[in-house]
Amino acid sequence: RVRMNDTWGPWVATPVPQEGLVLQMHRNRGVVRVYRNFESPESRKATQAALAATSNFRQYKFGNVPEPRVHMLLAPRATTGLGYAYHGITMRAEPIEQMPCIQTLAEKCTTHFGQPWNVGVDVVAYRDGHDSCGWHADDTQGETLIVAVVLQSIGGLRSVKFRPKKPNDKYDDGYGRKRKAKQPGERPLSNGDEELELWIGEGDAYSMDKGVQIGYEHSVPKQAKSGEIGRRVVAILREGKDKQVGHGRDTGTANASLDPPERWDYAKGARFGK
């Protein structure tokens with residue numbers, strides 16, 4: 001939807017054709033691209049089996065609060081030690097050669113997009129519909145291109161939302177607090193600004209350039225009918241400024257399970273999940 005006459009217009013649905021869709025954003029000449037069937041069913045099936053068998057996923061925390069998803073950061077063995085850091089979380093890449101299916105995907109993306117992914121390949125698992133990712137921009141390491149490939153999506157589509165950065169918005173620090181300082185690219189809403197909601201299915205992919213990270217932020221919200229949504233795994237490939245992380249500096253807990261964790265329902269006063 002687009003903002004006109006100082007108010008939001010109606011949501012307009014745009015189908016994604018087989019050849020993909022290019023979305024030119026209003027701010028900073030940002031571009032979002034959506035790709036249909038980027039990964040074949042055969043490739044996804046093999047990747048899903050490999051990911052289910054690995055013990056390389058890690059659980060990270062915002063302070064003492066577990067992040068509602070788990071990660072596995074990978075990079076070529078020759079560059080092992082590359083890291084990715086955001087909001088107090090620090091990841092250290094493991095050799096991508098341990099996961100040949102992800103290595104093949106990274107090489108395919110290098111051929112398609114022309115980038116070596118020097119911030120690594122972050123394989124993110126949302127264990128069920130209760131897992132999520134709050135509003136944020138992928139800009140902590142000067143990212144110039146981000147490509148997300150959906151490797152698994154049990155229970156149907158999940159949305160990725162985009163909104164313009166504006167002053168005093170809540171930011172993803174794990175506690176819903178407002179930003180402590182002005183963010184690059186934020187400004188009050190103006191006519192021509194837009195919000196997006198992408199519904200991305202298994203095998204599909206989308207990309208975001210630097211202009212999108214400067215002018216916008218995005219999120220993966222919880223699903224209203226969370227019990228109907230299963231595991232969703234996304235490989236996120238980032239190109240930006242590389243960062244070296246030494247042994248022992250990774251802040252995650254090893255061998256995180258892909259099963260939904262035990263959670264507390266404050267309204268009902270009961271535990272649910274695993």
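Residues are numbered from 1 along each chain as its sequence is written. In this predicted model, local features need pLDDT of at least 70, side-chain atom pairs count only at pLDDT 80 or more, and totals for chains, interfaces and linings use all residues; side-chain values use heavy atoms, without hydrogens and water.

Start with the sheet. It is open, has 8 strands with mixed pairing, and runs β3-β4-β16-β13-β18-β11-β7-β10. Strands are DSSP runs of E, at least two residues; helices are runs of H or I, at least four; both are numbered from the N terminus. Two strands pair if DSSP finds at least two bridges between them. The edges are β3 and β10 (94–95), each pairing on one side only. Strands β7 (residues 70–75) and β11 (residues 121–126) run antiparallel, joined by 5 bridges. His 71 has Val 124 in β11 as its bridge partner.

Helix α1 (residues 41–53) packs on this sheet, touching β7, β11, β13 (145–153) and β18 (232–239). Helix α2 packs on the sheet too, and β4 (31–35) and β16 (205–209) are among the strands it touches.

Cys 109 sits in α2 (residues 100–113). Its relative accessible area is 0%, so it is buried (under 20%; exposed is over 50%, partly exposed in between; 1.4 Å probe, protein chains only). Beyond neighbours within four places in sequence, Cys 109 contacts Phe 38, Gly 114, Trp 117, Val 149 and Leu 237 (heavy atoms within 4.5 Å). The C-alpha atoms of Cys 109 and Val 149 are 9.6 Å apart, across 40 residues of chain.

Notes:
Axes are lines fitted to C-alpha atoms, for helices over the stretch in contact, and angles run from 0 to 180 degrees between N-to-C directions.
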